[in-house]
Amino acid sequence: MSILLLILAVIFIVVSTTKFNLHPFLALLFAAIFYGLLVGMPFTDVIASIQEGFGGTLGNIGILIIAGTIIGVFLEKSGGAFALAEKVLNAIGDKHVPTAMSIIGYIIAIPVFSDSGFVILTPLNRALTKKAGLSLAGTAVALGLGLSVAHAIVPPTPGPIAAAGILGADLGMVIGLAIPVSLFALVFGWLWATKIASKTYIDPNPELSDQEVETRTRQAPSAAKSVLPILLPLVLIVLRSIAELPSLPFGSGFFVNIILFIGHPIIALLIGVLIAFTLPKKFESKMLSSTGWVGKGLLDAAIIIMITGAGGAFGKVLQNSGIATLIGDSLGDANLGIWLPFILAAGIKSAQGSSTVALITTASIVAPLMSTLGLDTDMAKALVVLVIGAGSLVVSHANDSFFWVFTQMTDMEVKDGYKLHTTGTLILGATAAFAVWVLSLWLI
């Protein structure tokens, strides 16, 4: 009944937002409340879950969205994004933007969360897409899938590291196998973006004509200066990830504490905002006002933040309803070999929205079953971590905050988000799992 109600909740969200034009913010909150009540959660738990999910999601990424949007506005209006786009396009060619975004997203997501990476890279992606005359749907899907596959499978992202720890897998072996598996899946994600998603046209910047783009490019700062608000936050976040490794490569003490502080995504992106203020060739204080460029960034971010928070609330209600445990208990005794962890992770991910929760929960369920499944060798443990990661990609939809960050920051309708992004994550997860299965036939 809980799974049936989840399916009905998702159908309600899709139909109400597409057919009846209900704002996704309300659709998600109504779905969260009705699902919680219908599965029998106490009234107080439903309310607490909504507050926890909404507040927790915004606490994690609300400021990131605001800062990233402000950086994007300054990059766009100063012409910096277009100068940077012109430089990149000269190097890769006009028609190779989806390939570049897939690779950039893949690399960035290894140390940076998908939500943060997408927010940071969206201004560049819009500018590249506009200059190349392509649809934003294709390039955004390429970027989103590149971010997703690395985030779910390749350490040192937290989910795969946690799963490896729970299963006692060798982290070096996991990383060594994760790279070819994730790249194999990324190829199919790229094909989906370029051959299918690109056929849905979304104007990357409908407010700007080609003539205005050229005008802004002529008035723009240099490409080297323009890349700093994007590149420096990423470098700082990566340095923080390295500093937090168990081997403590930077040691400890005051210097490391500084890295941990300025490398936190919130601080790193706020530093990016300060750098973005230097981009206009003629700076005016009104740019910082509520009616200026900062004000526009705040207004653009507000709707994204509200919808993303409501998605977090829906996801938290699902988590607290116990649906993940239900799915785990239902499948735990099935004799499916290495496919069992994949199906478990896919069910838990689809049910509650978080890839990290799916990775950790599935690893905890599978850990005592490893010997029974014949998966207790070092190689088998590493492959199980990867197949759980593949399952945690299946699928990103209405209960996943990244789904709403993706659709809202690309001006994509919810139905197109399901058709392009959700299906794309299904392709990523299925192809990654297939690659792990083939490796298991050879290595186990």
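1. Ile-3 is found in helix H1; helices here are DSSP runs of H or I of at least four residues, numbered from the N terminus. At 41% relative accessibility, Ile-3 counts as partly exposed, because buried means under 20% relative accessible area, exposed means over 50%, and partly exposed is in between (1.4 Å probe, protein chains only).

2. The model is predicted: local features need pLDDT of at least 70, side-chain atom pairs count only at pLDDT 80 or more, and totals for chains, interfaces and linings use all residues. Residues are numbered from 1 along each chain as its sequence is written, and side-chain values use heavy atoms, with hydrogens and water left out.

3. Ile-3 is one of the residues that make a nonpolar surface patch of about 870 Å². Met-1, Leu-4, Ile-7, Leu-8, Ile-11, Val-15, Phe-20 and Leu-326 also belong to the patch. Helix H1 (residues 2–18) gives the largest share, six residues. Nonpolar side chains (Val, Leu, Ile, Met, Phe, Trp, Tyr) are joined within 5 Å, like charges within 9 Å. Areas come from the Shrake-Rupley method with a 1.4 Å probe; for residues, only the protein chains shown count as cover.

4. Pro-229 lies in helix H11 (residues 223–243) and is buried, with a relative accessible area of 1%. Leaving aside neighbours within four places in sequence, Pro-229 is in contact (heavy atoms within 4.5 Å) with Ile-71, Gly-272, Ile-275, Ala-276 and Leu-279. From Val-14, Pro-229 is 215 residues away in sequence and 36 Å away in space, C-alpha to C-alpha.

5. H16 has 14 residues and reaches 20 Å from its first C-alpha to its last, close to the 20 Å expected at 1.5 Å a residue; the expected span is 1.5 Å times one less than the number of residues. Ten of the 14 residues of H16 are buried, among them Pro-341, Phe-342, Lys-349 and Gln-352. Just after H16, Gly-353 takes a positive phi of about 100°.

6. In H17 (residues 355–366), twelve residues should span 16 Å, and the end C-alpha atoms are 16 Å apart, which agrees. The buried residues of H17 are Ser-355, Ala-358, Leu-359, Thr-362, Ala-363 and Val-366. They cover an arc of only 120° around the axis, so they sit on the same side of H17; the arc is that of the directions from the helix axis to the C-beta atoms. Their cover includes helices H7 (136–153), H8 (158–167), H16 (339–352) and H18 (378–391).

Technical notes
Patches are made of residues with over 30% relative accessible area and no salt bridge: like charges are joined within 9 Å, nonpolar side chains (Val, Leu, Ile, Met, Phe, Trp, Tyr) within 5 Å. A salt bridge is a side-chain nitrogen of Lys or Arg within 4 Å of a carboxyl oxygen of Asp or Glu. Helices (H or I, at least four residues) and strands (E, at least two) are DSSP runs, numbered from the N terminus.
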